[in-house]
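Here are my notes on the model you sent. Please read them alongside the coordinates.

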Amino acid sequence: MNQTILAADPDLSCEILSFLEDQGFSILSAKTFDELLLLGSQLRFDVVLLDPGLPGFAGAAGIETIRQLPGAGGAAVILGAAPQAESARLNPFALQADDYLAKPYEPQALLGRIRFRLRGKAGAPESERFSRAAAELPMAEPRDEARSGDDFFELMQRILCDLTRFKNLERCSVALLEQERSLAYVIASSDAAAPTGWRLDLANYPELREVGRTGHPLIVPNVRQAPIMAPVADRLHSQVFQSLLVIPVLVGGCVVGALVLRFAEPDPEFTQEELFFCRLMALMFAQVIKSSRDLPAMHAMLREENRHLQKKLESRDLFAMRAISAMHTPVTAIHGFCSLIREGGLVRLDADQQDYFTKVIETCEELDKLMGDLLDLSRLMSGKAPLDMAERDLCVIVRKVHEKAWPQALAKGLMFQWDMPPHNCRAWFDAASIQRVLEGLVNNAIRFTPTGGQIRLAVEERDDEIRVHVQDSGVGIAPAQLARLLGECTAETALGENSECGVGISLYRAIIAAHAGRLWAESQPGRGSLFGFSLPKAAIAAR
């Protein structure tokens with residue numbers, strides 16, 4: 001039976017589509033994302049060739065929607081985009097596609113990428129895929145003095161693309177570490193055109209810090225359970241990869257970078273031959289970097305590219321925040337005018353009209369709260385939010401929240417339990433913001449727990465921190481939805497089409513991060529949810 005390609009990219013010319021048909025593929029074409037969804041709901045397909053600029057496409061959420069179509073059946077999603085496209089739009093750390101191919105398309109390269117993804121779908125034996133990947137890797141050519149630095153980035157990117165054939169590899173990349181070990185730059189990645197130049201704050205990448213410190217390879221069998229990844233556990237919920245292999249890139253005996261392999265499954269097993277092969281690849285990248293001869297200049301170039309990108313992102317967010325602030329005035333006017341009409345200040349209303357204006361007023365209040373949360377989130381992320389930090393008894397806040405929420409839980413027929421140590425729980429925090437977080441988590445638990453359910457509010461004291469848990473027996477959250485809920489949320493994503501980012505949760509996470517704590521969540525559909533956060537003790541904060 002012919003395999004079917006769902007082509008949703010205007011840059012796929014008639015010649016390329018005819019070439020693919022000559023290779024035995026059936027072609028379905030879609031000009032918009034809605035057309036793609038319609039075809040995918042009615043017909044089976046094996047591969048999607050997708051342009052991120054397709055009308056109606058909504059980023060990672062759109063790719064998740066494609067995977068859930070009746071006709072998908074594990075179909076591979078391959079993104080294609082021009083190298084000059086905006087990095088913020090095509091950042092593969094945000095879009096969770098199976099593969100990435102830069103435009104303009106070269107027919108044979110496109111065919112090879114499609115066939116590789118179909119072989120992976122068919123489950124080729126691991127040893128065969130490893131041997132084929134090793135045999136087909138492009139070899140580095142001798143350096144020509146006239147050759148530009150971009151050629152080296154392109155060479156690394158080509159090698160990384162072929163490395164994705166290795167052991168269910170989700171993504172591989174090469175990061176260049178700054179000498180101070182506070183930042184790193186992704187200089188090549190398997191699913192992005194080179195050079196990428198994304199800046200990584202090493203505070204969020206403990207695996208890179210460890211390899212930079214020791215100079216030895218690091219295997220993380222399960223990123224969600226490994227102690228080394230615990231400081232960034234809350235960030236991993238929205239990630240696809242399950243395990244890591246990090247190989248140092250050494251030049252002159254010094255760690256200048258790392259080869260990072262991210263695997264889609266936990267607990268990968270490596271033979272000595274496979275580990276040797278990965279170290280050989282790291283050695284090849286070291287030679288490529290060494291051939292550039294000017295690491296300081298490379299760092300300077302990457303810093304400058306990142307500065308321009310950061311400036312664009314800041315300008316975009318500033319515009320969005322100003323737009324939100326400007327919306328306050330009309331929303332307030334609508335709220336006040338509708339309240340005046342509802343109370344009979346202008347005309348008498350019947351029951352249906354009263355209900356209509358009540359709904360308008362409630363919507364205005366919800367919108368006003370959303371805008372306030374987004375503004376507060378912006379202030380926290382920019383470090384401009386005033387926080388009254390001091391050593392306090394966290395149990396006092398917990399009791400206030402319990403007393404405030406208990407009548408609401410009782411009215412809904414819920415059992416509201418709490419569990420606290422008999423002594424004071426001293427921690428370092430701003431009382432108002434932590435009370436806001438706790439009230440929000442408890443209100444969410446009450447909202448999503450049906451009558452007869454249970455809610456448990458608990459405080460747990462650890463050696464260096466205090467942990468607070470809000471657990472319910474409610475409807476629970478699906479893994480994909482939980483990943484989106486815990487994902488990064490900005491003004492632009494919150495107000496975008498089909499937005500599913502959790503504004504409230506993002507605000508709470510920003511508040512906890514400002515306290516040097518962390519926020520996490522665990523949930524399964526039908527089994528309830530647990531949201532928790534930690535705060536450092538005063539002695540830890542004082543140091």
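1. Which residue in β11 is the bridge partner of Leu245? The partner is Leu261. Strands here are DSSP runs of E of at least two residues, numbered from the N terminus.

2. This is a predicted model: local features need pLDDT of at least 70, side-chain atom pairs count only at pLDDT 80 or more, and totals for chains, interfaces and linings use all residues. Residues are numbered from 1 along each chain as its sequence is written, and side-chain values use heavy atoms, with hydrogens and water left out.

3. Strand β10 (residues 243-251) runs antiparallel to β11, with nine bridges joining them. Strands count as paired if DSSP finds at least two bridges between them. Two residues lie between the strands of this hairpin, and Gly252 takes a positive phi near 60°.

4. Strand β6 (residues 169-177) is also antiparallel to β11, through seven bridges. Leu169 stands opposite Phe263.

5. Nine of the ten residues of β11 (residues 254-263) are buried, so the strand is largely enclosed by the rest of the structure. Buried means under 20% relative accessible area, exposed over 50%, partly exposed in between (1.4 Å probe, protein chains only).

6. Check the confidence. Mean pLDDT (the predictor's confidence in each residue, from 0 to 100) is 77, and 74% of residues reach 70 or more. Over residues 124-150 pLDDT stays under 50. The model gives that stretch 37 contacts (heavy atoms within 4.5 Å) beyond four places in sequence. Where pLDDT is low, the predicted coordinates should not be read in detail.

Definitions and conventions. Helices (H or I, at least four residues) and strands (E, at least two) are DSSP runs, numbered from the N terminus.
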